[in-house]
Amino acid sequence: MKESKSDALVFFGATGDLAHKKIFPALQAMVKRGNLDVPVIGVARAGWTLEQFRAHARDSLEQHGGVDETAFAKLCELLQYVNGDYDDTATFESLRVALGNAQRPAHYLAIPPALFGPVVEKLATSGCGKGARVIVEKPFGTDLASARALNQILFTRFDERSIFRIDHYLGKRPVHNMLFSRFTNALVESFLSREHVESVQITMAEDFGVQGRGAFYDQTGTIRDVIQNHLFQVLANLAMEPPARIDSESIRDEKVKVLKAIEPIKAAELVRGQFRGYLDERGVARDSQVETFAALRLHVNSWRWQGVPFFIRAGKSLPVTCTELTVRLRRLPKVFPGCDPVPNYLRFRVSPEVEAAFGLTVMDPDDRMIGQQAEMMLSRRPAAGEMDAYERVLTDAMAGDQTLFAREDYIEEAWRIVDPVLKSGTPVHVYRPGSWGPLEATAVMPPGGWVNPVARVANSA
Ligand code: BG6
């Protein structure tokens with residue numbers, strides 16, 4: 001069934017950090033591409049006028065991607081600003097007026113989850129929620145119980161088809177193209193099973209710290225911030241079965257099945273780290289035990305993957321910024337006396353650029369039959385004007401396409417996997433900023449070791 005398009009976009013938290021960094025650039029891009037021509041109403045409690053709000057939007061664009069004067073002028077015509085507290089009936093009365101005749105507004109809650117309850121309630125009682133979609137930001141809860149509670153709050157007034165839980169990683173072109181690459185290439189897909197794969201590892205490295213988000217980060221940590229959501233999505237894309245049909249539910253059904261096959265992570269299969277200097281960050285508790293690095297092993301007990309260990313590693317203040325996964329194939333038996341076979345691998349880089357590579361053994365230059373390692377690589381940098389993740393997810397939510405959003409059961413399964421270990425109080429080991437994490441991370445080590453992504457200076461298009 002074709003979903004109707006939203007005829008207004010309301011975003012709560014309009015003067016916040018996320019709006020400044022990501023939402024205004026996405027809105028300008030949507031206008032430029034012809035995907036946004038409905039009222040865009042910012043709600044916040046900053047006490048601003050519409051002119052101040054527009055100036056803020058311009059400032060955001062100047063700092064994040066640049067102003068396109070034509071698109072920005074159109075965006076300014078669409079922008080409205082509603083001021084007020086999120087639990088004040090008057091705010092929602094003003095919003096109702098601003099919405100005019102809109103029948104299918106999309107309400108984007110770019111606000112802390114603690115405010116979801118009052119906003120959802122007021123949307124409903126004011127009539128602003130009638131026929132509406134609601135878009136919610138990550139993190140969706142802090143554990144299984146809180147995620148369930150948030151779902152219950154949303155379900156009091158909205159049904160699952162109207163709820164869009166953002167994981168912007170899914171909006172990244174290479175991430176959502178993983179399925180296309182897998183299911184259109186025998187050369188990739190035929191090897192992705194326990195028969196051929198020895199292990200899988202995923203690394204998300206960032207070469208910066210918490211960037212002034214200390215207060216948020218110290219309530220969150222690496223597992224909640226990027227593993228339970230972004231990296232589980234990457235894992236699910238790699239491990240899932242082909243969907244029976246290309247529609248959002250069929251695709252999301254397969255992803256949920258992957259998570260269902262994963263046992264909760266054990267404390268012995270997790271190493272947590274914290275970069276030296278984290279405790280001096282503003283907003284961070286002086287004795288914080290929150291991790292800025294985590295390395296873990298998990299097992300996908302499906303027919304396809306049973307017995308193949310999956311490793312995930314993520315951290316701040318590492319040597320490079322890059323997300324990459326490596327599938328290491330089983331070693332072949334030895335045939336040539338001078339050549340101990342090295343396992344082949346498939347390597348996919350999903351951020352910042354796209355790479356797909358095969359690691360192979362080739363004949364050594366002197367034909368001595370000892371072999372040498374080579375990599376065959378396809379690489380592509382994002383093209384100018386390509387959709388950024390936020391533009392993609394907001395465009396899809398406005399169109400009612402659920403594919404790139406996390407369903408209730410997916411979110412709860414993801415929390416189930418990390419919940420016990422989050423509460424088990426494993427030690428946090430200090431590491432040097434710019435290193436690959438604490439030495440203790442070797443306790444959770446893929447066969448053949450961790451593959452450290454190498455930053456590219458230049459890429460071929
Ligand atoms: C966010 C996390 O969800 O994703 C950040 O909160 C992280 O800590 C970011 O840096 C990474 O996303 P991207 O798109 O910048 O690679």
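Me: What does the domain assignment of the protein give?
Reply: It gives domain 1 (8–137) and domain 2 (170–387 + 407–444). Keep in mind that this is a predicted model.

Me: OK, and how many Å apart are the C-alpha centres of domain 1 and domain 2?
Reply: The centres of domain 1 and domain 2 are 34 Å apart.

Me: Let's go to the helices. At what angle do H5 and H6 pack?
Reply: At about 5 degrees, and the axes of H5 and H6 are 9 Å apart. Since angles under 35 degrees count as roughly parallel, H5 is roughly parallel to H6.

Me: Which residues make that contact?
Reply: On the H5 side you have Phe116, Gly117, Val120, Glu121, Ala124 and Thr125. H6 brings Leu150, Ile153, Leu154, Thr156 and Arg157.

Me: And by class, how many nonpolar, polar and charged residues are in the contact of H5 with H6?
Reply: There are 6 nonpolar, 3 polar and 2 charged residues.

Me: Staying on H5, which residues are buried?
Reply: Phe116, Gly117, Val119, Val120 and Leu123 are buried in H5.

Me: What do the buried residues of H5 pack against?
Reply: Quite a list: strand E1 (8–12), helix H4 (89–99), E4, strand E5 (133–136) and H6.

Me: What follows H5?
Reply: Gly127 does, and the phi of Gly127 is positive, near 90 degrees.

Me: Why does Pro112 count as partly exposed?
Reply: Because its relative accessibility is 49%, and a residue has to be over 50% to count as exposed.

Me: Is the crossing of H6 and H14 left-handed or right-handed?
Reply: H6 passes H14 in a left-handed crossing.

Me: Which residues meet there?
Reply: From H6 come Leu144, Ala147, Arg148, Asn151 and Phe155. Across from them in H14 are Glu408, Ile411, Glu412, Trp415, Arg416 and Asp419.

Me: How many of the residues in the contact of H6 with H14 are nonpolar, polar or charged?
Reply: This contact divides into 5 nonpolar, 1 polar and 5 charged residues.

Notes: Residues numbered from 1 in each chain as written. Predicted model: local features only at pLDDT ≥ 70, side-chain atom pairs only at ≥ 80, totals over all residues. Heavy atoms only, no water. Left-handed = near helix turned anticlockwise from the far one by under 90°. Helix = DSSP H or I, 4+ residues; strand = E, 2+ residues; numbered from the N terminus. Contact = heavy atoms within 4.5 Å. Nonpolar A, V, L, I, M, F, W, Y, C, P; charged D, E, K, R; others polar. Buried < 20%, exposed > 50% of the residue type's maximum accessible area, 1.4 Å probe, protein only. Domains from an automatic or database assignment. Axes fitted to C-alpha atoms, helices over the stretch in contact; angles between N-to-C directions. Parallel < 35°, antiparallel > 145°, perpendicular 65-115°, else oblique.
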